[in-house]
Amino acid sequence: MRHHASRVISRFVVAVALLAFNAGAGFAQETHEGHDMSPDSAQPGPVITAGASGILLASVAAPGVNKRTLAEGYLTQPMVMAMLMTSGGRFIADLTLNFEGSTLERGELNAGVYGEGYVDRRHPHTLLHELVGTAVFPAGPARLSLTVGKGFVPFGTDDPMSRPFVKYPVNHHLAQLLERAMISGAAAYGPLALEAAAFNGDEPESPYDLPNYDRVGDSWSTRLSARTSAGVEVQGSFASVESPEHAIGGGLDHRKLSFSGRFESRGRYLLAEWARTKEREGGRSAFEFSSVLAEGSVDFGPVRIAARAERSERPEEERSLNAFRTNRPHSDLSIIGQTRWDIASVSVAAPLPSYRKIRFSSFIEVSTQKPSSLTTPAVFEPAAFYGEERLWSFSVGARLGTGMRHGRMGRYGVAANLDAHKGH
């Protein structure tokens with residue numbers, strides 16, 4: 001019944017999104033690199049912007065499993081986006097639809113990645129990826145905002161979808177919290193912003209799943225950020241997430257920490273982050289997983305070169321007959337080990353000629369991964385499972401988009417625009 005209702009609601013949302021997209025394409029087509037909500041951005045009336053994007057991707061995993069080289073192709077990250085902003089930027093509504101449930105049902109080859117019943121494949125995100133409304137309130141020298149809806153919880157770093165690489169890092173489920181029904185408030189003063197949110201702990205169970213709204217408020221998070229006019233940003237955040245792996249509750253709870261530093265200016269970008277998740281039962285730690293990641297990119301004219309280094313730990317769970325899937329919900333006894341992944345990746349991207357109003361850019365990504373067991377004796381032996389001690393991944397493809405671009409994903413209200421208010 002729940003999945004049937006989710007599909008009905010999802011179809012309704014698709015219809016609304018298409019209407020918003022058509023309206024936005026005819027009313028305004030702008031670049032959306034963050035909401036400028038300063039008084040100087042006042043418009044004579046509401047503004048609707050809309051856009052669509054996707055990635056044509058071919059990937060090779062060598063080996064993928066049991067010494068087998070796997071090669072697959074997808075349309076990944078297919079999205080429709082729309083934003084409405086009222087005059088003066090006092091209210092903003094964001095909508096993002098993700099159609100990976102149709103194009104990526106079996107998952108995307110991505111060695112080391114795990115979560116939501118997938119392993120070594122990135123899971124498809126939900127159709128209703130983001131639908132939030134944000135109200136902004138001036139309060140003298142401070143600024144306040146309140147966000148309600150389904151979207152990104154104020155925890156950790158930006159969603160990898162808005163970062164230089166197509167392939168996700170292993171730490172996605174350690175370093176971000178997304179697709180939750182939440183109530184989130186933010187307060188900003190000068191370069192500082194403090195965010196806090198209450199949300200549902202359960203992760204989606206399918207691409208057409210909706211949050212368990214009776215669980216909204218069982219989990220919470222907070223994040224403190226500081227950003228300078230030179231493009232430097234630091235953040236620290238904490239989250240208490242109740243039973244994310246078991247939608248009805250009763251599973252292990254997660255306590256999450258994240259610290260990061262970020263720089264972006266004039267075609268240069270750098271991110272360094274540390275994240276840790278403790279899985280707990282009855283106030284006692286059962287498992288602990290940590291991650292260190294650094295990535296950056298430099299623009300040489302129209303060409304962007306990026307590199308990433310990551311060391312992340314993940315749980316190893318009993319797999320089903322499909323080597324890339326695990327049972328959901330899993331039992332605590334299904335965690336049979338812990339693996340550390342050391343990964344180095346490079347990427348080169350360059351724009352292609354546009355066609356009418358469609359933008360194109362090409363990319364090549366190469367990554368090498370070395371998994372090693374942290375459990376002694378090891379039930380899961382990576383070298384025996386994959387057939388090699390070192391793995392390789394190769395990806396090539398093209399990004400395409402039209403209309404607005406969705407910028408950084410993961411912040412709302414005054415927390416998204418610390419530098420936009422400089423001097424106010």
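Me: Under 20% relative accessible area a residue counts as buried; is Glu273 buried or exposed?
Reply: The model is a predicted one. In it, Glu273 has a relative accessible area of 4%. The cut-off for burial is under 20%, so Glu273 is buried.

Me: Which side chain does Glu273 meet in a salt bridge?
Reply: Side chains of opposite charge can pair when their charged atoms come close. For Glu273 the N to O distance of the pair is 4.0 Å.

Me: Which strands does the salt bridge of Glu108 and Arg122 tie together?
Reply: The side chains of these two residues meet at 3.2 Å, N to O. Both Glu108 and Arg122 are buried. Glu108 lies within residues 108-115 and Arg122 within residues 118-122, so the pair ties together strands β4 and β5.

Me: Are Asp342 and Arg340 buried or partly exposed?
Reply: Their side chains meet in a salt bridge of 3.9 Å, N to O. Asp342 has a relative accessible area of 23%, and Arg340 has 25%. Buried would need a value under 20% and exposed one over 50%, so Asp342 is partly exposed and Arg340 is also partly exposed.

Me: How many salt bridges does the structure hold?
Reply: Some of them share partners and join residues into one network, including Asp158, Glu195, Arg223 and Arg408. For the structure, the number of salt bridges is 24.

Me: In which sense do β13 and strand β14 pair?
Reply: The two strands form a hairpin with 2 residues between them, and Gly282 in the turn has a positive phi of about 60 degrees. Across the pair, Ala272 has Ala294 in β14 as its bridge partner. The strands pair over 14 bridges, and the sense is antiparallel.

Me: Which residue takes a positive phi in the hairpin of β14 and β15?
Reply: β14 (residues 284-300) pairs with β15 (residues 303-317) in the antiparallel sense over 10 bridges. Ser297 stands opposite Ala306 in β15. The hairpin has 2 residues between the strands, and the residue with a positive phi, near 65 degrees, is Gly301.

Technical notes
Residues numbered from 1 in each chain as written. Predicted model: local features only at pLDDT ≥ 70, side-chain atom pairs only at ≥ 80, totals over all residues. Heavy atoms only, no water. Helix = DSSP H or I, 4+ residues; strand = E, 2+ residues; numbered from the N terminus. Buried < 20%, exposed > 50% of the residue type's maximum accessible area, 1.4 Å probe, protein only. Pairing = 2+ DSSP bridges.
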